[in-house]
Amino acid sequence: MNIIRSSVLCRLSSNVPRFLSKTSVRLNSSEIPKNVIADLSTAQHQQPDGLVYDKKPFKIDLEEGKRYSWCLCGKSKSQPLCDGTHKLVQYKITLKPVRFQVEKTGTYWLCNCKHTKNRPFCDGTHKSEDIQSKAGK
């Protein structure tokens with residue numbers, strides 16, 4: 001099914017979780033994955049949110065037991081993962097990447113608007129008018 005919204009053509013298929021669909025109304029928190037190493041770091045609690053990189057999530061295959069670094073600053077060239085751009089002093093970036101692991105190997109949707117309340121996983125925040133009105137892809 002194709003949906004046109006905000007001049008963006010989004011291709012939706014049956015394997016897209018309900019909370020990611022632009023047509024969904026309610027967020028089901030049981031569908032949102034968990035960062036199994038969230039208690040090992042405080043990076044997921046940083047304020048403020050990063051720059052909006054994109055107004056839709058990024059579908060990615062992740063492996064159980066492997067550690068990843070999700071870009072929070074929004075400046076990484078290898079979105080949604082961190083490439084170390086935040087370390088460049090000329091950008092004066094104070095946000096650090098969020099380290100995470102998944103419970104099981106599979107396909108996940110990572111946040112690209114950088115405003116999710118469940119870092120690094122998409123929780124549907126990108127659908128808000130506030131995010132849709134900001135710069136980004």
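**A buried lysine and its surroundings**

Modeller: Start with Lys114: that lysine is buried but makes no salt bridge, and the nearest side chain of opposite charge, Asp54, is 9.5 Å away. Keep in mind that this is a predicted model.

Biologist: How buried is Lys114, in relative accessibility?

Modeller: Lys114 comes out at 0% relative accessibility, so it counts as buried, the cut-off being under 20%.

Biologist: OK, and which backbone oxygen does the Lys114 side chain reach?

Modeller: That of Cys71, at 2.7 Å. There's also a polar contact of 2.8 Å between the side chains of Lys114 and Gln79.

Biologist: What else does Lys114 touch, not counting residues up to four places away in sequence?

Modeller: With those left out, the list is Asp49, Gly50, Leu51, Tyr53, Trp70, Cys71, Leu72, Gly74, Gln79 and Pro80.

Biologist: Where does Lys114 sit in the fold?

Modeller: In the loop that runs between strand 6 (106-110) and helix 1 (129-132). Its phi is positive too, about 70 degrees, although Lys114 is not a glycine.

Biologist: Back to Asp54. Is that one buried or exposed?

Modeller: Asp54 is buried, because its relative accessibility is 8%. You'll find Asp54 in the loop between strand 2 (8-11) and strand 3 (58-62). Beyond four places in sequence, Asp54 touches Asn112, Cys113 and Lys137.

Biologist: Switching topic: which other residue has a positive phi although it is not a glycine?

Modeller: Lys92, with a phi of about 55 degrees. Lys92 is in the loop between strand 4 and strand 5.

Biologist: Is Lys92 buried or exposed?

Modeller: Exposed: the relative accessible area of Lys92 is 72%. Lys114, by contrast, is buried at 0%.

Biologist: And Ile93, buried or exposed?

Modeller: Ile93 counts as buried, because its relative accessibility is 17%. Ile93 is in the loop between strand 4 (68-70) and strand 5 (98-100).

Biologist: Which residues does Ile93 touch, leaving out those up to four places away in sequence?

Modeller: Cys73, Lys75, Thr85 and His86. Ile93 and Lys75 are 18 residues apart in sequence, and their C-alpha atoms are 9.2 Å apart.

Biologist: Next, peptide bonds. Which residues does a cis peptide bond join?

Modeller: Gln47 and Pro48, with omega about -5 degrees. Pro48 is in the loop between strand 2 and strand 3. The bond from Arg119 to Pro120 is cis as well, omega being near 5 degrees. Pro120 lies in the loop between strand 6 and helix 1.

Biologist: Now the core. Which residues of the largest nonpolar core touch the most other members?

Modeller: That core has 21 residues, and the ones touching the most other members are Leu62, Trp70, Phe100, Val102, Leu110 and Phe121. At least two residues of this core come from each of strand 3, strand 4, strand 5 and strand 6.

Biologist: Why would nonpolar side chains be buried together?

Modeller: They tend to be in soluble globular proteins.

Biologist: What is Trp70 in contact with, leaving aside its neighbours within four places?

Modeller: The contacts of Trp70 include Phe100 and Leu110, along with Pro80, Leu81, Cys82, Pro97 and Val98.

Conventions
Residues are numbered from 1 along each chain as its sequence is written. This is a predicted model: local features need pLDDT of at least 70, side-chain atom pairs count only at pLDDT 80 or more; totals for chains, interfaces and linings use all residues. Side-chain values use heavy atoms; hydrogens and water are left out. Helices (H or I, at least four residues) and strands (E, at least two) are DSSP runs, numbered from the N terminus. Buried means under 20% relative accessible area, exposed over 50%, partly exposed in between (1.4 Å probe, protein chains only). Lys and Arg count as positive and Asp and Glu as negative; His and the chain ends are not counted. A salt bridge is a side-chain nitrogen of Lys or Arg within 4 Å of a carboxyl oxygen of Asp or Glu. A polar contact is a pair of N or O atoms within 3.5 Å; within protein, one must be able to donate a hydrogen and the other to accept it, and residues adjacent in sequence count only if both atoms are side-chain atoms. Contact means heavy atoms within 4.5 Å. A nonpolar core is a set of buried Ala, Val, Leu, Ile, Met, Phe, Trp, Tyr and Cys residues joined through side-chain atoms within 4.5 Å.
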